[in-house]
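Dear colleague,

I am passing on the structure below, together with a short account of what was found in it. Please look it over before reading on.

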Amino acid sequence: MSIDLEKYAGKYYEIYKQNAFYAFGCEASTAEYKVIPEGLSVLNICYSKDGTGQMYTIKQVELRALRDIRGIATPTDVNGEYDLLFETGQSGLYKIFYTDYVYSMVGDLRTNYMTIISKIPYPPQKKINELLLMAQEFGFKLK
């Protein structure tokens, strides 16, 4: 899959996650990607009711940023795969399994880490179900 990073970049809302270390204790998360010479800059923000930062309202519930994590995703030799290094020193594979530039599925089959993100904050349940089925077809074991 050939990825157009300019089209891929932007702010996404997490609509499903599993085994995402940065999202422990989060009630919602966002991810923002910007194109940089090395590939993509990554900013993940975790929101909770107990957070103290920027406010985010989801389904009439006010949340505040609990923490954020920044990183850089550098392309590998495999199209759609990136080496992701966070400022905390944590690293991993960031593979784009699917994108239509509105909805994306990224993850690592080795660790069963997977997240489905959307540029639309509240996507239709039908679309979420389609993406979850697709995730299983890629080999993810859903929790």
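**Overall fold**

The secondary structure of the protein chain amounts to 2 helices and 9 strands, where helices (H or I, at least four residues) and strands (E, at least two) are DSSP runs, numbered from the N terminus. Read from the N terminus, the elements follow the order α-β-β-β-β-β-β-β-β-β-α. The radius of gyration, taken over C-alpha atoms with a globule rule of 2.2 Å times the number of residues to the power 0.38, is 15 Å, close to the 15 Å that the rule gives for 143 residues, so the protein chain is as compact as a globular protein of that length.

This is a predicted model, in which local features need pLDDT of at least 70 and side-chain atom pairs count only at pLDDT 80 or more, while totals for chains, interfaces and linings use all residues. Residues are numbered from 1 along each chain as its sequence is written, and side-chain values use heavy atoms, with hydrogens and water left out.

**Burial and the disulfide**

Of the 143 residues in the protein chain, 48% are buried, meaning under 20% relative accessible area with a 1.4 Å probe, protein chains only. The count of disulfides comes to 1, a disulfide being a pair of cysteine sulfur atoms within 2.5 Å. Cys-26 is joined to Cys-46, with an S to S distance of 1.9 Å. This pair links distant parts of the chain, since Cys-26 lies in the loop between strand S1 (10–18) and strand S2 (28–36) and Cys-46 in strand S3 (residues 39–48), 20 residues apart. Both Cys-26 and Cys-46 are buried.

Conventions: Buried means under 20% relative accessible area, exposed over 50%, partly exposed in between (1.4 Å probe, protein chains only).
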